[in-house]
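Colleague: I'd like to learn how to read a few features of a model. Could you walk me through one?

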Amino acid sequence: MSIVRVGMIGYKFMGKAHSNAYRALPMFFPAVWKPEMKAICGRDAGGVEQARVQFGWESAETDWRDMVTRDDIDVVDINAPSDAHKEIAIAAAAAGKHIFCEKPLALNLADSIEMLNAAEEAGVKHMVGFNYRFSPAVQLAKKLISEGRIGTIYHFRGLFLQDWIVDPTFPLVWRLQKEIAGSGSHGDLGAHVIDMARFLVGEFQEVIGMSETFVKERPIPSAMTGLSAKGDKDAPLGAVTVDDATVFLARFAGGALGSIEATRFAPGHRCTNSFEINGSKGSIKFDFERLNELEVYFTEDAVDVQGFRRVLATDSTHAYMDAWWPAGHTIGYEHTFTHEMREFMLAIEEDRQPVPNFVDGVECQAVLEAVDKSIEERRWVAISELR
Ligand code: SOE
């Protein structure tokens, strides 16, 4: 097999990002097995057909159950809202399909463990969509840390700040409903930061947090809408059942201290997914709004030129960059998905589990849940209390 036949469930924001990645792969990474865009699936026949044509899929389905059992599909890609992940993933595993699932893996830790068990029992490959790991600048941060160039890590300071719901008339979209999304900023944005911290610093040991829902009721939208929805101030109001912001402190198993903030109430911050790491030999700073750059500081530099320096991670020696453009020609958000799907295709080709996989999804979910428990019980919670 040098072709991997994909069936994808979901066709909105992430569906578009994944489709773009599948299309780009054979052109920019021709050496890895090629994804074949077999079928796209969504509940609304008109909407999914439009996406099929626009994104370039071969066929469309309106019932995911029909799709996961199709003989002509090797991979099920799940990017429907979070409440659908578990049932689809378990059915896909039972049908022997490899699974790609968007983050957060599930609505809660118990569900994520069920998904992992199902995938492991079926012996299929499984991957979770923590796409930010795949920015070349983040890969450079990982390399510097692995080579000991930052030394012993003392601090991880992570932020994911957005501002798309500051307006109180912004509608009650699915991301603001606990039964569909699982949580708010915490699971949507905090999950990315937790994954980044696990990737770069290691496992969390204990956490303590606080959270707030600043706008408690919002207009109920007349149709399923996304991040760019517009408010209707005359519509009836419904309760927001997730956090608008969650902030927590952490201690890592390796001894580092962490602070993590996820909010959708930071005016001016459209997508500030950033971190700073301080170690005994230096510091690293990354901000996704400038994703091609990594700021580094080394204590070993001569004192008269010491200071943070900006490294443009676009050289052919930086991860994935030899596939794209000559040095200095930057890449964007969509490339993180292409790199992520490259890892998925390569893992299938090499018959190994991709990384990050459902184990990482479960570990992230455990940290999310430990923070929730700490908020409820107003105390430090060890991750081991949940596992
Ligand atoms: C919306 O908050 C969102 O699109 C998240 O769902 C994504 O995971 C994040 O990458 C960007 O923001």
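**Two helices in contact**

Modeller: Let's begin with a helix pair: His186, Gly187, Gly190, Ala191, Ile194, Asp195 and Arg198 in H8 meet Asp360, Glu363, Cys364, Val367, Leu368 and Val371 in H10. By class, the residues of this contact between H8 and H10 are six nonpolar, three polar and four charged. Keep in mind that this is a predicted model.

Colleague: At what angle do H8 and H10 pack, and how far apart are their axes?

Modeller: The general idea is that two packed helices are described by the angle between their axes and the distance between the axes. Here, H8 (residues 185–200) and H10 (residues 358–377) pack at about 120°, and their axes are 9 Å apart. The crossing of H8 past H10 is right-handed.

**Domains**

Colleague: Now the bigger picture. How is the protein chain divided into domains?

Modeller: Domain 1 covers 3–130, and domain 2 is made of 133–353 + 365–376. Their C-alpha centres lie 23 Å apart. To the contact, domain 1 brings 32 residues and domain 2 brings 31 residues.

Colleague: Which elements give two or more residues to the side of domain 1 that touches domain 2?

Modeller: Those are helix H1 (13–28), strand S5 (98–101) and helix H5 (109–122). H1 gives the most, with nine residues. Sorted by class, that side of domain 1 has 21 nonpolar, seven polar and four charged residues.

Colleague: What does UniProt list for residues 4–130?

Modeller: The unreviewed UniProt entry lists "domain: Gfo/Idh/MocA-like oxidoreductase N-terminal" there. In the model, residues 4–130 are 44% helix and 22% strand, with the end C-alpha atoms 21 Å apart.

**Whole chain**

Colleague: How many helices and strands does the protein chain have?

Modeller: Ten helices and 17 strands. The radius of gyration is 21 Å, close to the 21 Å that the globule rule gives for 387 residues, so the chain is as compact as a globular protein of that length. Along the principal axes, its C-alpha atoms fill a box of roughly 65 × 50 × 40 Å.

**Backbone details**

Key: Residues numbered from 1 in each chain as written. Predicted model: local features only at pLDDT ≥ 70, side-chain atom pairs only at ≥ 80, totals over all residues. Axes fitted to C-alpha atoms, helices over the stretch in contact; angles between N-to-C directions. Helix = DSSP H or I, 4+ residues; strand = E, 2+ residues; numbered from the N terminus. Left-handed = near helix turned anticlockwise from the far one by under 90°. Contact = placed C-beta atoms within 7 Å. Nonpolar A, V, L, I, M, F, W, Y, C, P; charged D, E, K, R; others polar. Domains from an automatic or database assignment. UniProt positions renumbered as here; feature names shortened; annotations may be inferred. Rg over C-alpha atoms; globule rule 2.2 N^0.38 Å.
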